[in-house]
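Good morning, and thank you for coming. Please turn to the sequence and the model on the screen.

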Amino acid sequence: VVPLFSGLFGVAPAPKSSLMALVANAGPLHWNRASALASAAVTSVLGLITVWYLRRQCTLLLPVKRRCTDKEVLAEAEEVRRRYCLSEAGGFLPNDCLDRLPAEFDAWEAIASDLPRLNASKALAARVEALPVLKLGHHRSKEVLQRAYVLLGSLVHSYVHRHEVPWHCLEAGAVAETDGRSSCRKVPKALAEPWLEVCQLLRAPPVLTAAATDLWNWRKKDAALGFDPGNLEQRISLTGTSSERVFHMVPCAMQAAASEVVPKIFLADRLIVGKRQEELALLLLEVADVLGSFKNIFAQIPKGVDPDVFYDIYRPLLNGFHPSGVIMEVATAPDNVPDLKLESGGLMNQCKGPSAGQSSVILMLDIFLSVSHLKAGAAFQDEMLMYMPAEHRQMLLDFSARWQAVGGIPEFVRKCQAVEDVDELSQAYNECVAALTELRRFHLATVRRYLMRTAKGTGATTWRMLLQDMLDATQAALLR
């Protein structure tokens, strides 16, 4: 018995000779000791058996990861990633974000690295107004453009909205009061010209978007660990607060959680055309599991974002320029940059600020599950599409066209019902819709906590009615 269990649990048994000697030489005293040792050994073995059994039972109780493994879908996934600038580990996130721009732009980087202090001390304006006008020149790689977009956008938002922030509220017991002045309505040439050049090359609007704050501004604290919000930090921060970090690194981690499933969703029309019900059901269950992880990750917002710090300190800086607008001090309007009007003194910029509605993965899920929003919700999503990265925007347009061509899952279920059993597919679809409904319900409850003092979000939307309508539309997509 001893060699059997010692081999099973990796414990070296006592040599046979020593055991035999113990028995042969045992007098009453030695026998009592041997008996005690034997009893202890039996107890230990029984304990090890119990631990092994419980571990085995726990392993059996763990849910099996549900995953679509359709060969055609997996074979084409890499091409989808290449075509639409997706990364294998991060999905809509890039593989990594540039830590610093080339040396020619050290003047920008010096301000960005000290931005929280410059903002709080109200010293930013003087530093910005002393900047030279820099050109991108030959520095036009995707990584450089994304870094420049985040950096210049952070400087512009800080410069424009600097009078709206009661920085003293970061001190304990302080009351939220601004210095009484409104936003600055003009962006100096040293920021306006290079930022619009970057926007033109990226085909992006001149405003901080969800892409800038959530996709292109992260780094891992430990490269060996995953995309947990606790392992992520911002490369550029406007306030230096943990509330700002958590507010953006949570959606960043959510994007990574969907990395594997995004190309599969794009290729799901293959499963309908091939009438591969089982694989389509598995894909739906995989998406449902991803939505469950979304909710778990999003639950870190209430734990890590202070409502007062967010509303009083950070939110004013996130606001866009709608409807009042700001003047960008440039002489000509660049191509491929929306929402700009040429006026005396420069270009009028009335772009809206970042919004959760600019998340490509959420809009993709709505299309995939045939969620039909009311007029206001549909119009909002169409508008937010223009605030997404150009490649991601094109991916959603292409996916929508592909999905419309096959009719979507509810129509596929109805067609199949006449000739075969579709219960598993229907149940998988409903589980997926229910998971998206629950995520939207949790999101609405969280937003209520942070925006109870206003009717509008940073994306200039009347958020209460809009989010409730979207929640209702998602629930209505369930198959009855």
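This is a predicted model: local features need pLDDT of at least 70, side-chain atom pairs count only at pLDDT 80 or more; totals for chains, interfaces and linings use all residues.

I begin with a polar contact, that is, a pair of N or O atoms within 3.5 Å, where within protein one must be able to donate a hydrogen and the other to accept it, and where residues adjacent in sequence count only if both atoms are side-chain atoms. A polar atom of the Ser259 side chain lies 3.3 Å from the backbone oxygen of Ala89.

Residues are numbered from 1 along each chain as its sequence is written, and side-chain values use heavy atoms, with hydrogens and water left out.

Where is Ser259 found? Ser259 sits in the loop between α11 (242–257) and α12 (261–266); helices here are DSSP runs of H or I, at least four residues, and strands are runs of E, at least two, numbered from the N terminus. Ser259 counts as buried because its relative accessibility is 9%, and buried means under 20% relative accessible area, with exposed over 50% and partly exposed in between (1.4 Å probe, protein chains only).

Let us turn to helix α4. Its buried residues are Val73, Ala77, Val80 and Arg81. Among the elements covering these buried residues is α12. At the N-terminal end, Asp70 caps α4, with a side-chain oxygen 3.2 Å from the backbone nitrogen of Glu72.

Finally, the whole protein has 22 helices and 6 strands.

Note on methods. Contact means heavy atoms within 4.5 Å.
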